[in-house]
Amino acid sequence: QKALQIPRHGWGTWMKSAQKPHPFVPAQAKVFLDRECLLDGQNWVTGFVRGLAASMCFVPLLSWTKDDTGSVGELSRIGVAGFDKEDNVLLELIIATALCDEPGGVLAILPVLLGQARPAAKGGGFSAFPFYKVARLSDLPSRATNARAGVVLRQLGVSEEKVQAVLERSVKQVVEQVLRNQGVQTCEWADVEGV
C-alpha cells in the first residue's frame, strides 16, 4: 500500500499563482491543469513554470495535423528560411525535459499524442500522431525559445552547465526527447502504421 502513496513532495499548499483544483481532486494530490489553474492577469510563464517545477509528472498534449498545425506541427516552421520565434509549447517541453534531470524535479513525462481530429460524422476522435514527421523538425535550436528557457532554468537554480546544454538543443532533439517516454496514442489501432 505504501507504493501507491503520493511522495511527500507531491503534497503541500497550493501555489498563489494558480487556482485550487476542483473539490473532487483528492486533498493530497496536486493536479495543475494550465487551462483551469492559471489565473487571468497572471504571468503565464511564471504560473506554468511554478506548476511544472512542483509537479511529479508532466502530461503534455502533443498534436500534429495534416496541414502542419497543432502543438508540435507548428514547430515545423521554426528554422525554415531562418524563421525563429519564442514558442510557448517548445518552451514548456524544454523546461520539462531539463527538470527531469534535476533532483526533486519532474519524475516523468507522459505525452498524450494526437493526430488529425476526425469529424463527428466519422466517429470523432483522432488519427495517429505522425511520428514520421518529427524528422522534418529543425536540427537547429530555436535561439529565441532556448534563450528564454535558459533564463527560466537559471531562476530555478539549474546549473550553468545544464543551461548551456539546453541552449544548444535543437527543436528536433527536444521533441524526440519527449517522445522517447511512454506516451498515450489517442487513435484507432487500424490508424497506426505498421500495426
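This is a predicted model: local features need pLDDT of at least 70, side-chain atom pairs count only at pLDDT 80 or more; totals for chains, interfaces and linings use all residues.
Me: What secondary structure does the protein chain have, and in which order do the elements run?
Reply: The chain comes to 6 helices and 5 strands, and from the N terminus on these elements run α-α-β-β-α-β-β-α-α-α-β.

Me: Why is lysine 172 called buried?
Reply: Its relative accessible area is 13%, and since buried means under 20%, lysine 172 falls within that class.

Me: Where does lysine 172 lie, and what does this residue touch?
Reply: Lysine 172 lies in helix α6, which covers residues 171-179, and, leaving aside residues up to four places away in sequence, it touches Val134, Ala135, Leu137, Ser138 and Asp139.

Me: What makes the pair of lysine 172 and alanine 135 a polar contact?
Reply: A polar atom of the lysine 172 side chain lies 3.2 Å from the backbone oxygen of alanine 135, and because the cut-off for such a pair of N or O atoms is within 3.5 Å, the distance of 3.2 Å meets it.

Me: How do you know that the span of helix α3 agrees with its number of residues?
Reply: At 1.5 Å a residue, the 13 residues of α3 (residues 88-100) should span 18 Å, and the C-alpha atoms at its ends are 18 Å apart, so the two values agree.

Me: Why is α3 called mostly covered?
Reply: Of its 13 residues, 10 are buried, among them Leu90, Glu92 and Thr97, and buried means under 20% relative accessible area.

Terms used. Residues are numbered from 1 along each chain as its sequence is written. Side-chain values use heavy atoms; hydrogens and water are left out. Helices (H or I, at least four residues) and strands (E, at least two) are DSSP runs, numbered from the N terminus. The expected span of a helix is 1.5 Å times one less than its number of residues. Buried means under 20% relative accessible area, exposed over 50%, partly exposed in between (1.4 Å probe, protein chains only). A polar contact is a pair of N or O atoms within 3.5 Å; within protein, one must be able to donate a hydrogen and the other to accept it, and residues adjacent in sequence count only if both atoms are side-chain atoms. Contact means heavy atoms within 4.5 Å.
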